[in-house]
Amino acid sequence: MQLSKGQTARWNKRLAETATNKARATALWDLSRILAGSDDAAWADLVVLLQRWTLERQGQRSSP
């Protein structure tokens, strides 16, 4: 799914307004679900990516 200019601006604003990693993670999870749409394979890839990102922000290392 491709976002319109207005949607992109809205998401850029939402991400810029996040002050904590927890808030940023929530916003990224929400955006990922929208981008994946009904494509389960894309959603699965995004889940793995975001899990790694979340673990790294928590000071943990994910396995390769």
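Q: Hi! In what order do the elements of the protein run from the N terminus on?
A: Starting at the N terminus, the elements of the protein run α-α-α. Helices here are DSSP runs of H or I with at least four residues, strands are runs of E with at least two, and both are numbered from the N terminus.

Q: And how many helices and strands is that?
A: The protein has 3 helices and 0 strands.

Q: What should I know about the model before we go on?
A: This is a predicted model, where local features need pLDDT of at least 70, side-chain atom pairs count only at pLDDT 80 or more, and totals for chains, interfaces and linings use all residues. Residues are numbered from 1 along each chain as its sequence is written, and side-chain values use heavy atoms, with hydrogens and water left out.

Q: Roughly what box do the C-alpha atoms fill?
A: Taken along the principal axes, that box is roughly 35 × 30 × 15 Å.

Q: What share of the residues is buried?
A: Buried residues make up 16% of the 64 residues in the protein. Buried means under 20% relative accessible area, exposed means over 50%, and partly exposed is in between, using a 1.4 Å probe and protein chains only.

Q: Let's look at α2. How many residues does it have, and how far does it reach?
A: Helix α2 covers residues 21–36, so to speak its 16 residues, and reaches 22 Å from its first C-alpha to its last. That is close to the 22 Å expected at 1.5 Å a residue; the expected span is 1.5 Å times one less than the number of residues.

Q: Which residues of α2 are buried?
A: They are Ala25, Ala27, Leu31, Ser32 and Ala36. Seen down the axis of α2, these buried residues fall within an arc of 165°, so they line one face of the helix. The arc is that of the directions from the helix axis to the C-beta atoms.

Q: What covers them?
A: The cover for the buried residues of α2 includes α1 (5–16) and α3 (40–57).

Q: On to α3, then. How far does it reach?
A: Helix α3 has 18 residues and reaches 25 Å from its first C-alpha to its last, close to the 26 Å expected at 1.5 Å a residue.

Q: Which of its residues are buried, and why do they line one face of the helix?
A: The buried residues of α3 are Val47, Leu50 and Trp53. Looking down the axis of α3, they fall within an arc of 135°, so they line one face of the helix. On the other side of α3, Asp45 and Leu49 are exposed.

Q: What does Leu46 touch?
A: Leu46 sits in helix α3. Leaving aside neighbours within four places in sequence, Leu46 is in contact with Ser32 and Ala36, where contact means heavy atoms within 4.5 Å.

Q: Nice. Is Gln51 buried or partly exposed?
A: Gln51, also placed in helix α3, is partly exposed, with a relative accessible area of 41%. The C-alpha atoms of Gln51 and Ala25 are separated by 9.5 Å, though the two residues are 26 apart along the chain.

Q: Where is Ser4?
A: Ser4 is in the segment before α1. At 37% relative accessibility, Ser4 counts as partly exposed. From Ser4 to Gly59 the C-alpha to C-alpha distance is 35 Å, and they are 55 residues apart in sequence.
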